[in-house]
Amino acid sequence: MPEDNTDHIDFDALNRAAISPPLVSHIYTADPSAHVFNGKIYIYPSHDVDAGDAFDDLGSHFAMEDYHVISMESPGGPATDHGVALHVKDVPWAERQMWAPDAHEKDGRYFLFFPAKDHEGIFRIGVAVGESPTGPFIPQPQAIKNSFSIDPAVFKDDDGSYYMYFGGIWGGQLQRWRNRTFNASQPESPTAHLPKEDEPALCAKVAKLTDELLEFAERPRDVLILDEKEDPLLQGDNERRFFEASWLHKYNGKYYFSYSTGDTHFICYATGDDPYGPFTYAGKILNPVVGWTSHHSIVEFNGEWYLFYHDSSLSRGVTHLRSIKVTRLVHDENGFIQVIEPYGKFRLQE
Ligand code: FUB
């Protein structure tokens with residue numbers, strides 16, 4: 001993931017125009033997965049730090065070590081940091097890079113789902129369990145069996161089933177799992193092992209979780225995204241194909257799968273009639289933010305919908321030092337989501 005060239009940006013003007021301030025500014029936070037538990041908003045973000053690792057296209061500069069939980073009584077209100085909820089040193093199977101997490105609740109217990117590189121440098125997804133939405137969370141000794149790649153997002157359907165959506169290309173290693181085992185062959189370039197531009201794009205994955213929410217109940221399946229002709233999106237369709245940052249929400253009986261397009265910096269979505277898909281591409285949700293990455297969640301609170309997202313405005317463009325934000329999200333009368341401009345009329349220019 002290359003460092004942004006942000007020399008041309010007037011950050012004072014951009015921050016004045018931004019539709020949301022950072023929700024917290026005493027630490028850097030990113031990848032906000034928001035949920036409503038017991039009538040209150042809990043956000044499970046990455047905790048960005050500057051560990052001094054050089055920028056590269058595999059995201060080595062995202063060297064996060066722990067997770068904090070942030071809570072809010074309402075989207076406009078103050079945000080409370082509940083401190084360290086889980087640290088990598090307490091996770092036996094994990095070595096580094098605590099990337100985008102998510103959490104869910106079942107029967108009064110709370111489950112933190114998180115990706116990290118194991119001792120072989122392979123991304124896996126783990127679970128840690130707590131008695132409170134703010135942790136602390138006790139990690140399982142092993143990662144979820146047969147888990148791989150990054151960015152878990154857990155959706156609870158109306159029938160009580162829980163599904164995990166996950167995956168990310170380039171630094172997220174999804175392209176190395178095309179044949180069900182990790183392809184360790186060189187080169188380590190983030191774009192090696194990807195399909196060709198005119199081939200179907202790599203898909204995010206989805207798997208139902210077991211009743212205990214500690215393992216996959218099935219082999220992960222592809223989250224297929226179709227175009228308007230019902231053909232799979234192609235790998236070369238960079239403005240629409242899946243890159244990372246899966247999220248699933250349900251609105252008026254439809255399933256909305258949203259995600260980041262990575263190197264084109266959009267949050268997009270596709271809709272379907274089943275949690276497994278297929279999904280049909282439906283449009284953009286969020287235009288590019290400052291910083292290379294974009295990552296979000298969508299949650300309903302008191303009858304309104306909200307987009308939690310991040311940008312690098314507080315760090316004045318440092319791609320791995322991001323801040324979580326929130327804004328209203330509107331589904332129109334046909335169920336389409338209105339596109340959000342993160343800085344109003346202020347435009348990011350190349
Ligand atoms: O925060 C590290 C990585 O950056 C996340 O896992 C991706 O989704 C991107 O936001």
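Analyst: A polar contact is a pair of N or O atoms within 3.5 Å; within protein, one must be able to donate a hydrogen and the other to accept it, and residues adjacent in sequence count only if both atoms are side-chain atoms. This is a predicted model, where local features need pLDDT of at least 70, side-chain atom pairs count only at pLDDT 80 or more, and totals for chains, interfaces and linings use all residues. Residues are numbered from 1 along each chain as its sequence is written, and side-chain values use heavy atoms, with hydrogens and water left out.

User: How far is an oxygen atom of the ligand from an N or O atom in the side chain of Arg322?

Analyst: The distance is 2.7 Å. For the side chain of His295, an N or O atom is likewise 2.7 Å from a ligand oxygen, and a polar side-chain atom of Asp151 lies 2.5 Å from an oxygen atom of the ligand.

User: How much of the ligand's accessible area does the protein cover?

Analyst: The protein covers 100% of the 280 Å² that the ligand has on its own, by the Shrake-Rupley method with a 1.4 Å probe.

User: What does the side chain of Ser71 contact?

Analyst: Its side chain makes a polar contact with the side chain of His82, at 2.6 Å. Ser71 belongs to strand β3, residues 66–72, strands being DSSP runs (E, at least two residues) numbered from the N terminus.

Notes: Helix = DSSP H or I, 4+ residues; strand = E, 2+ residues; numbered from the N terminus.
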